[in-house]
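I opened my notebook to go through this structure piece by piece. Here is what I looked up, in the order I went.

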Amino acid sequence: MMIFKKLFLAFVWFTFSVMAWSQNADTKNTFYSLSGRVELLDQNKVILIGPASSVSFEFQGNSCSIALQSLVDHQNYVALVLDGKYIGRIRIEKGEAKSFPIVVSEKKKTHHLSIYKATEATNGGVLFSGTIAKIIESSVPKSKKKIELIGDSITSGFGNDDSTIPCGTGDWYDQHNAYWAYGPVLSRALDLDFVLSSVSGYGMYRNWNDEHIEEPIIPDVYENLYLNTDGLQPYDFKFQPDLVSICVGTNDLSDGDGKKTRLPFNEEKFISNYINFIKTVYKHAPNTRIVLLNSPMVSGDKNVTFVNCLKKVIQAFEKDTAHKKIELFEFQPMVPKGCGYHPNIADDKVMADQLIPYFKQLLNEK
């Protein structure tokens, strides 16, 4: 009898959760907050797509569990934040949706839980299909300034978290943790709403190990919700950023794996594609401010070439009076300590700390 009662109560709270969401799905959802590249499905489920995309809610009491599923034939990861404190990254195995209990140690009347996708779009979606908790209506969020961060593996948080699986072991995405990538870190520091539009390995005119023959590039996927080329679900661009940063070029300048044919870096193609891509960004966010970033993973003569190309891109817009001047930011040189010669979480914080005062200044300008 006691077991039946517990199951019944669990069902009641789960049903309450679903009803609360469905009542607001077509208007403004006051129970669940969605952020980043996500897809809201029927039956009040949501797919977390892009890196650091998230779903958040508030609940009463100290009992909560969430239902998550990796929608591909391999594991995925999410990062959890409870009451503003990071409580870890969890692994979601392939297969059916599973329930994950949330350990609530601090006794208080209400709690706030955020679920961030730690992996990226190319790793497949993570389905959030509900919670067993007494969710409550969230307070009206204050209006925040917005930022979109466009990039590749550096922006996605590739290889930055080896806390559970050492570098060089497991699958290439087992060390992903987009929650601690430089963009989300600086966004939290500046209290910004943010979206990551980034894909590991992609470049502006070619990729890390492909001359744009077999694989797409950032301009090919940017306008699609899932950052792919199927064209079935265009991104709606309702998120109108006050500032867009673009950190793309590391892969264009790479030497590849040394096995596939790699042509010399083509400055003309890179610059031309970059200019056209900025026009695409302006098409969807005409009032935004754009900042071009070089890469902490590119140094020496390659960095000189990279920065010179970015300056030529900016020069192409000098007579553009319809938009604000495009800015250039150069990272300090770095020897990254993450997996695969990528920044780790500490390196991401260094990058964020460099950008924070600069972005703050730009966002505060009239």
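I began with two neighbouring strands: β12 (residues 243–247) and β13 (residues 289–293) pair in the parallel sense over 4 bridges. For me, two strands pair if DSSP finds at least two bridges between them, and strands are DSSP runs of E, at least two residues long, while helices are runs of H or I of at least four, all numbered from the N terminus. Along this pairing I found Ser 245 opposite Val 291 in β13.

A note on the source: this is a predicted model, where local features need pLDDT of at least 70 and side-chain atom pairs count only at pLDDT 80 or more, while totals for chains, interfaces and linings use all residues. Residues are numbered from 1 along each chain as its sequence is written, and side-chain values use heavy atoms, with hydrogens and water left out.

Next I asked in what order the strands of the open sheet run. The 5 strands go β11-β10-β12-β13-β14, with parallel pairing. I noted that β11 (193–198) and β14 stand at the edges with a single partner strand each, so one side of each has no neighbour in the sheet.

Then I searched the whole structure for disulfides (pairs of cysteine sulfur atoms within 2.5 Å) and found 1. Which cysteines form it? They are Cys 167 and Cys 339, with sulfur atoms 2.0 Å apart. The pair links distant parts of the chain, 172 residues apart: Cys 167 sits in the loop between α2 (153–156) and α3 (182–189), and Cys 339 in the loop between β14 (327–329) and α7 (345–364). The torsion about their S-S bond is about -75°, so the disulfide is left-handed.

Are these cysteines buried or exposed? I used under 20% relative accessible area for buried, over 50% for exposed, and partly exposed in between (1.4 Å probe, protein chains only). Cys 167 is partly exposed at 34%, whereas Cys 339 is buried at 6%. Cys 309 is in no disulfide, and its nearest cysteine sulfur, that of Cys 247, is 15 Å away. Cys 309 is buried, with a relative accessible area of 0%.

Last, I looked at the lining of the second largest pocket. I counted 23 lining residues, with Trp 208, Thr 250, Asn 251, Ser 254 and His 342 nearest the centre. A pocket here is an open set of points on a 1 Å grid over the protein atoms alone, where a 1.4 Å probe fits, with protein on both sides within 12 Å along at least five of seven lines; lining residues have an atom within 4 Å of a point.
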